[in-house]
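Here is a short report on a single protein chain.

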Amino acid sequence: FFVFLCSRWGTPPPLLLWHGFLAERRWLRPKKNVPTKEELAHVISDLQQGIDNADGVPATGRPSGVLTDSSDEDDRMEQPDGGVDDDDEFNMADYDEEPGIEDTMFQTLASDLPLTEQDDPYADPDVVDDSEEEEYIGITPDDLLLIATSCEEDLCSLEVYLFELEHANMYVHHDIMLSGYPLCVDWLPCAPGAEKGNFAAVGMYSSAIEIWDLDTLDVISPVATLPSKSSNKNSKKGHTSSVLALHSCPAKPSVIASGSADHTVRLWDAALGSLAQTYDSIHTSKVQCVKWHPTEVAVLLTAAFDQTACIADARTPERVAKFQLPADAEFAAWSTARPWEALVSSEDGVVTAFDVRKVATGETEKARSWQLKAHDKAVTCFCELPAEPGCFMTGSLDKTVKVWDTRSGHPVHVHTKNMQCGALFTCCANVDEGTVVTFGGQQVAVWNLADDDACGVVFGLRSAVSEQ
């Protein structure tokens with residue numbers, strides 16, 4: 001079972017994300033088929049008639065149409081004087097004359113039929129359904145949700161995980177079978193031709209972007225596909241190779257940026273299902289990561305296998321600032337503690353922070369804020385803790401997570417942890433519960449840093465559960 005594919009083969013790390021995607025309290029209730037009184041009576045009648053007619057055997061008595069020999073009657077256990085045997089405790093002589101069990105059963109069902117018309121005096125009218133299935137499917141406001149893609153030998157799926165923080169319990173709430181190999185995923189609040197809700201945009205190996213409805217169980221097809229297959233003109237504007245990276249704009253989530261193995265970056269309007277803009281010359285190799293700035297609406301960060309990262313402004317697509325990396329890019333993101341810094345990791349285990357203000361003015365040599373040799377192997381993912389932006393975490397192919405303190409302006413090592421899920425390809429912090437981080441490798445792992453003594457002491461972390 002592999003949750004994520006290797007980023008060295010063109011698969012980007014951000015395949016798993018936390019998201020409290022329920023804007024309001026929702027309950028998912030499967031439809032139940034309850035027979036009416038007329039249907040129940042008809043079923044009882046058909047069953048009774050079927051037993052009467054089966055093999056010519058009526059409900060009582062001997063099989064009809066079967067010849068019997070008079071000697072059968074003589075076989076009764078009688079005394080020579082014609083009396084009944086007093087030792088016949090079980091009345092075996094009249095065994096064939098007793099009513100069959102089917103008579104008793106269906107008489108009972110028929111007598112119980114009028115009871116279905118009465119209300120149960122012990123039933124609570126305020127309780128809709130207290131079954132275990134309903135409790136399993138229901139989602140409460142306290143539940144934390146995350147979406148992930150997984151690939152097995154003959155099955156690929158999009159999975160919605162539910163995590164109960166109080167009990168530290170996590171399970172797959174529901175999953176969606178995909179038609180091909182997924183390479184990246186991100187949450188969306190809208191989809192073409194659909195009302196606002198919770199959707200997942202999935203970048204596929206086939207170069208398409210599929211949008212799936214997360215609010216509905218047992219869906220069998222995506223709500224929409226980018227580019228739309230219904231328009232031949234629009235289909236020519238899509239990617240020509242695998243989609244490696246996706247990110248929806250935080251300020252305007254209907255706008256999606258996508259990076260591809262075709263060396264291009266494209267901007268999409270998910271609400272309309274159309275292509276808005278294309279960057280086809282800023283990179284010369286596979287685009288590994290795309291990230292919108294959390295506050296600057298139109299500013300986009302990209303990183304690729306050509307050992308470069310770029311800062312683009314969607315309002316002026318002709319102006320792009322570029323800076324050099326020490327190796328092929330693995331992951332990139334904006335710093336939440338210092339919004340003017342862009343963080344990029346590479347396959348040599350190095351994480352570099354760039355001051356984009358100096359990059360924009362052409363001072364690329366002075367733009368490097370700090371550089372960290374975090375791991376011996378590729379740093380495939382990193383994130384900052386929402387509860388404490390100075391808490392910086394890196395994940396690597398060496399199967400470990402390292403925690404760093406960046407409050408002094410340069411990372412200082414705090415703690416190292418093996419997540420027990422193989423080589424790591426992605427990590428993401430939960431915004432609602434700021435101390436919870438999830439990691440993806442051969443399986444999904446969740447870590448609450450507030451429960452870790454080393455991190456809790458250094459950063460003063462306390463979870464909402466420990467405060468209750």
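E210 stands opposite T225 in β8. That pair belongs to a predicted model. The two strands concerned, β7 and β8, pair in the antiparallel sense over three bridges.

**The sheet around β7**

β7 is part of an open sheet of four strands, in the order β5-β6-β7-β8, with antiparallel pairing. Its edge strands are β5 (182–188) and β8 (224–226), and each of them pairs on one side only. Direction ignored, neighbouring strands here are turned by 25 degrees against each other on average.

On the other flank of the pairing list is β6. Strand β6 (residues 199–204) runs antiparallel to strand β7 (residues 209–213), and five bridges join them. A201 has I211 in β7 as its bridge partner. A200 has W212 in β7 as its bridge partner. β6 and β7 form a hairpin with four residues between them. S207 sits in the turn and has a positive phi of about 90 degrees.

How many residues of β7 are buried? Five of its five residues are, and the strand is mostly covered. The cover reaches both faces. I209, I211 and D213 are buried on one side. E210 and W212 are buried on the other.

β19 spans residues 350–355. Six of its six residues are buried, so the strand is largely enclosed by the rest of the structure. Both faces are covered. One side holds V350, T352 and F354; the other holds V351, A353 and D355.

β19 has antiparallel pairings with β18 and with β20. Strand β18 (residues 341–346) is joined to β19 by five bridges. Across that pairing, E341 stands opposite D355. β18 and β19 form a hairpin with three residues between the strands. In this hairpin, G349 takes a positive phi near 85 degrees. Five bridges also join β19 to strand β20 (residues 368–373). There, T352 stands opposite Q371.

Which strands stand at its edges?

Strand β26 (residues 436–440) pairs with β27 in the antiparallel sense over five bridges. F439 stands opposite A445 in β27. N448 also lies in β27, which covers residues 444–448. Is N448 buried or exposed? N448 is buried: its relative accessible area is 11%, and the cut-off for buried is under 20%. The N448 side chain makes a polar contact with the side chain of T435, at 2.7 Å.

| Strand pair | Sense | Bridges |
|---|---|---|
| β6 and β7 | antiparallel | five bridges |
| β7 and β8 | antiparallel | three bridges |
| β18 and β19 | antiparallel | five bridges |
| β19 and β20 | antiparallel | five bridges |
| β26 and β27 | antiparallel | five bridges |

**Cores**

The largest nonpolar core has 30 residues. I311, F323 and V344 touch the most other members. Strand β17 (residues 329–334) gives the most to this core, with five residues. A second, separate core has 21 residues, including V403, M419, C421 and W447.

What does V344 touch, beyond residues up to four places away in sequence? Its contacts are A303, A309, F323, L325, A329, F331, A332, V350, V351, T352 and F382. V350, V351 and T352 in that list are buried residues of β19.

**The whole chain**

The chain contains eight helices and 27 strands. Of its 468 residues, 48% count as buried. Among contacts between residues at least 6 apart in sequence, 49% join residues at least 24 apart. The chain exposes about 24500 Å². Carbon and sulfur atoms supply 50% of that area.

Technical notes:
Residues numbered from 1 in each chain as written. Predicted model: local features only at pLDDT ≥ 70, side-chain atom pairs only at ≥ 80, totals over all residues. Heavy atoms only, no water. Core = buried A, V, L, I, M, F, W, Y, C linked by side-chain atoms within 4.5 Å. Buried < 20%, exposed > 50% of the residue type's maximum accessible area, 1.4 Å probe, protein only. Contact = heavy atoms within 4.5 Å. Areas by Shrake-Rupley, 256 points an atom, 1.4 Å probe, with all protein chains shown as cover. Pairing = 2+ DSSP bridges. Axes fitted to C-alpha atoms, helices over the stretch in contact; angles between N-to-C directions. Polar contact = N/O pair within 3.5 Å; in protein donor to acceptor, adjacent residues only side chain to side chain.
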